[in-house]
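This report goes through the two chains below, from their packing elements to the way they meet. Please keep the sequence and the structure at hand while reading.

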Number of protein chains: 2
Amino acid sequence: MALIVQKYGGTSVGSIEKIRAVAERVIRTAEQGNQMVVVLSAMAGQTDGLIRLAYGLTEDPDPRELDVLMSTGEQVSVALFAIAAKSMGRDARSLLGFQVGIHTDHLFGKARIHDIETGRIIRNLEQGRIVTVAGFQGINDHGDITTLGRGGSDTTAVALAAALTADVCEIYTDVDGVYTTDPHICPKARKMDSIAYDEMLEMASLGAKVLEIRSVEFAKKFDVPIHVRSTFTNERGTMVVAETKDMEKVAVSGVAYNKNEARVTIHKVPDRPGIASLIFDPVFRAGIVVDMIVQNTSQDGLTDLTFTVPKTDFYKTMKIVSDVAANIGAERVLGDEDIAKVSIIGVGMRTHAGVAKKMFETLAKENINIMMISTSEIKISCVIEEKYTELAVRVLHSAFGLDVDKGES
Amino acid sequence: MALIVQKYGGTSVGSIEKIRAVAERVIRTAEQGNQMVVVLSAMAGQTDGLIRLAYGLTEDPDPRELDVLMSTGEQVSVALFAIAAKSMGRDARSLLGFQVGIHTDHLFGKARIHDIETGRIIRNLEQGRIVTVAGFQGINDHGDITTLGRGGSDTTAVALAAALTADVCEIYTDVDGVYTTDPHICPKARKMDSIAYDEMLEMASLGAKVLEIRSVEFAKKFDVPIHVRSTFTNERGTMVVAETKDMEKVAVSGVAYNKNEARVTIHKVPDRPGIASLIFDPVFRAGIVVDMIVQNTSQDGLTDLTFTVPKTDFYKTMKIVSDVAANIGAERVLGDEDIAKVSIIGVGMRTHAGVAKKMFETLAKENINIMMISTSEIKISCVIEEKYTELAVRVLHSAFGLDVDKGES
């Protein structure tokens with residue numbers, strides 16, 4: 001008998017028919033002798049409807065009350081799931097954040113879980129019940145409802161799995177696992193059997209939307225094995241687990257890309273101490289997240305400074321930086337929205353030499369110019385012209401031996 | 001400075017525009033120096049939508065989970081209200097049943113309030129906040145969410161007013177008060193300035209839908225003055241209060257009618273001890289609520305037995321009673337759906353003689369035949385042919401001096 005935490009996302013519970021299908025699936029697994037804890041998101045569309053109501057009242061809704069509002073979405077899902085399961089003859093019980101005792105800090109809208117009480121869940125499991133827990137929500141020590149922010153239901157599921165020392169945390173979604181790259185642009189992308197937490201973190205931060213970053217961080221911290229799989233098939237998906245020796249055998253596990261950044265270059269900046277903070281302080285203060293920063297070697301006391309920001313913050317950044325550039329006597333500011341970041345990821349990089357060289361050569365062979373480079377222990381990212389994104393992903397995927405074997409489907 | 005509990009129903013908060021209007025109204029009253037506790041129902045339509053989801057899954061949803069589901073409606077309303085009030089610059093805070101501490105018994109779907117904690121509400125009021133409380137919901141001593149059943153938000157408001165010893169409980173609705181009779185069928189109906197709890201209870205049980213019976217019982221028990229008034233005007237409405245000497249000056253305060261009953265007559269029942277329970281036991285066991293029962297004097301050992309039941313239970317009742325009648329050797333069973341009950345109500349009846357006589361004479365003058373009569377201390381009800389309902393209401397309203405004075409509008 002295993003204790004399994006399952007999490008189903010909004011599209012998986014998007015209608016009463018789908019909720020019924022999820023209940024059937026959960027009951028099947030329960031009847032194989034497993035104890036089941038089921039974390040649910042709000043039904044697809046519900047969250048948007050609630051947000052529209054709140055922002056219909058004001059541009060700046062009170063964060064505490066927004067959480068009271070938003071948490072109703074998951075409450076509806078768990079109630080309907082329990083109704084469905086009970087109508088199929090299986091005892092089930094819904095628990096909300098305050099009923100479980102999912103204690104968080106006070107940051108409404110992006111609360112962090114402090115600790116989780118397990119007593120009520122365990123008592124219900126021991127009575128043979130399926131326990132369904134509202135995702136995304138908790139309670140702070142004032143008794144206020146809090147929500148965990150984007151992807152919060154993943155975090156709820158992983159945190160519950162950690163607190164209950166569950167055997168596995170299964171995250172059900174509308175894709176059937178984690179792929180070596182985006183199958184939409186690379187038909188030879190391969191579903192991975194397993195991926196290391198750190199690799200998954202890099203994939204997620206580069207825009208692969210299978211798992212939210214915080215839930216992976218949580219899983220890594222508490223060593224919770226995550227099984228990412230499809231709601232609509234019974235196929236095995238991808239295990240997200242601690243790094244193993246096996247994983248190091250391949251240099252590169254996946255190829256990721258991100259088209260959501262823009263590049264800003266300040267030409268001929270007088271190169272003196274403190275100049276970087278003069279430039280970046282107003283950018284940071286505006287809440288803009290700067291990703292890559294490259295500063296060239298100084299020539300004649302002048303240097304070029306290039307960095308990337310989210311495309312949504314591009315115009316704001318250009319305005320701020322243009323003002324600063326004028327003040328510090330830089331020559332000019334250039335912006336470029338038509339860029340993409342292509343990355344290769346793999347814990348095997350730690351032990352394999354020549355990975356960067358191979359990446360650069362592969363891109364060069366296709367006449368793809370590299371504008372910026374950044375590296376970490378398990379990742380190399382190159383900024384290229386946006387129009388080459390798909391080509392770059394495909395040739396890298398192939399060059400690092402990730403393509404589906406011939407004969408496989 | 002007064003402490004005022006206000007309750008707004010589903011149509012009063014049926015859109016974000018209406019919620020904004022309610023917030024403006026509450027803030028105006030607060031700014032006159034009053035402490036405000038605002039109880040809200042679910043937005044009109046929301047509850048039906050939730051019910052459709054649950055009954056789309058099964059004909060018989062689990063009651064505990066149905067309450068988890070239904071309670072989200074009021075949660076949405078209070079969150080949106082607090083968002084609206086705060087966006088207008090007035091501090092406000094929503095509290096759900098579990099956050100206030102509205103403790104109920106375990107009867108999901110029709111829970112009764114045991115007691116209410118007032119600490120958290122009072123602390124928030126003392127900080128100058130408007131407190132908005134989700135109506136209709138409470139929590140039992142297992143920490144399960146419960147709902148109070150139909151009209152539950154009225155009960156929440158009155159119970160809160162009692163617990164907080166509020167100066168008044170204002171119930172906002174889409175009518176502007178309690179009328180002497182239904183203005184739709186009697187244009188001369190008059191809005192009452194005040195009505196006694198007992199009169200209101202009789203009016204409500206006869207189908208006047210302004211206040212739910214349980215909330216009036218609660219108000220009577222704890223002597224909470226209720227002010228029934230319109231969300232859409234600033235006019236004074238109707239006070240529902242303890243009986244005063246003044247109220248006894250008029251014999252009759254209002255005329256009510258009910259078209260939702262049907263009549264069943266069993267002819268020539270052998271009149272022997274225990275016969276009534278033989279007939280009614282199977283009816284009661286089927287969960288059918290019998291209203292009036294009339295048994296004629298026995299002739300030759302045979303009697304006629306007539307009673308009324310809700311129209312929705314008419315066919316079920318006819319089937320049950322026909323079986324019983326055959327068993328006990330009664331002659332035949334007749335049913336009649338085309339009846340109505342017309343009632344006059346007034347605490348003044350206790351002290352005024354001749355009220356019944358005047359009622360019968362008034363109906364006789366219009367050739368309206370009285371089929372059944374039942375009386376209580378403050379009410380006389382007559383069953384008549386349904387087609388005479390409107391006429392009967394108008395002539396009784398006039399005969400007992402309830403018509404609007406000439407010159408009034």
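Two residues are in contact if their C-beta atoms, placed from the backbone, lie within 7 Å. Helices (H or I, at least four residues) and strands (E, at least two) are DSSP runs, numbered from the N terminus. The model is predicted: local features need pLDDT of at least 70 and side-chain atom pairs count only at pLDDT 80 or more, while totals for chains, interfaces and linings use all residues. Residues are numbered from 1 along each chain as its sequence is written, and chains are lettered from A and ligands numbered from 1 in the order in which they are written.

**A helix pair in chain B**

In helix 7 of chain B, the residues B:D154, B:T155, B:V158, B:A159 and B:A162 meet B:R214, B:S215, B:F218, B:A219 and B:F222 of helix 9 of chain B. By class, this contact holds 6 nonpolar, 2 polar and 2 charged residues. Here Ala, Val, Leu, Ile, Met, Phe, Trp, Tyr, Cys and Pro count as nonpolar, Asp, Glu, Lys and Arg as charged, and the others, Gly among them, as polar.

The axes of helix 7 (residues 152-163) and helix 9 (residues 213-222) of chain B are 8 Å apart, and the two helices pack at an angle of about 10 degrees. Helix 7 of chain B is therefore roughly parallel to helix 9 of chain B. Axes are lines fitted to C-alpha atoms, for helices over the stretch in contact, and angles run from 0 to 180 degrees between N-to-C directions. Angles under 35 degrees count as roughly parallel, over 145 as roughly antiparallel, 65 to 115 as roughly perpendicular and the rest as oblique.

**Strand pairs**

Two strands pair if DSSP finds at least two bridges between them. The table lists pairs from both chains.

| Strands | Sense | Bridges |
|---|---|---|
| Strand 9 (168-173) and strand 11 (226-230) of chain A | parallel | 5 bridges |
| Strand 11 and strand 12 (238-241) of chain A | antiparallel | 3 bridges |
| Strand 13 and strand 18 (339-345) of chain A | antiparallel | 5 bridges |
| Strand 9 (168-173) and strand 11 (226-230) of chain B | parallel | 5 bridges |
| Strand 11 and strand 12 (238-241) of chain B | antiparallel | 3 bridges |
| Strand 19 and strand 20 (379-385) of chain B | antiparallel | 5 bridges |

Some residue partners can be named. In chain A, A:I226 of strand 11 stands opposite A:C169, and A:I226 also stands opposite A:V240 in strand 12. In chain B, B:T173 has B:S230 in strand 11 as its bridge partner, and B:H227 is partnered by B:M239 in strand 12.

**The four-stranded sheets**

Chain A has an open sheet of 4 strands in the order 13-18-20-19, with antiparallel pairing. Strand 13 (254-258) and strand 19 (372-376) of chain A are the edge strands, each pairing on one side only. On average, neighbouring strands of this sheet are turned by 20 degrees against each other, direction ignored. Within the sheet, A:V255 has A:I344 of strand 18 as its bridge partner. Helix 13 (residues 389-399) of chain A packs on the sheet and touches strand 13, strand 18 and strand 20 (379-385); its direction makes about 15 degrees with that of strand 18 of chain A.

In chain B, 4 strands form an open antiparallel sheet in the order 13-18-20-19. B:T375 is bridged to B:I380 in strand 20 of chain B. Helix 12 (residues 355-365) of chain B packs on this sheet, touching strand 18 (339-345), strand 19 and strand 20, and its direction makes about 20 degrees with that of strand 20 of chain B. Helix 13 (residues 389-399) of chain B also packs on the sheet, touching strand 13, strand 18 and strand 20 of chain B.

**Domains of chain A**

The domain assignment, automatic or from a database, divides chain A into domain 1 (3-174) and domain 2 (244-409). Their C-alpha centres lie 37 Å apart.

**How the chains meet**

Chain A is superposed on chain B by a rotation of 180 degrees with 0.0 Å of shift along its axis (RMSD 0.1 Å). The two copies are thus related as by a two-fold rotation axis. In chain A, A:T72 has the C-alpha nearest the axis, 2.8 Å from it. The superposition is by least squares on the C-alpha atoms of residues with pLDDT of at least 70 in both copies.

The contact involves 27 residues from chain A and 27 residues from chain B. Helix 4 of chain A gives the largest share of the chain A side, 10 residues. That side divides into 15 nonpolar, 8 polar and 4 charged residues. Of the interface residues of chain A, 100% are also interface residues in chain B, so the copies meet through the same surface.
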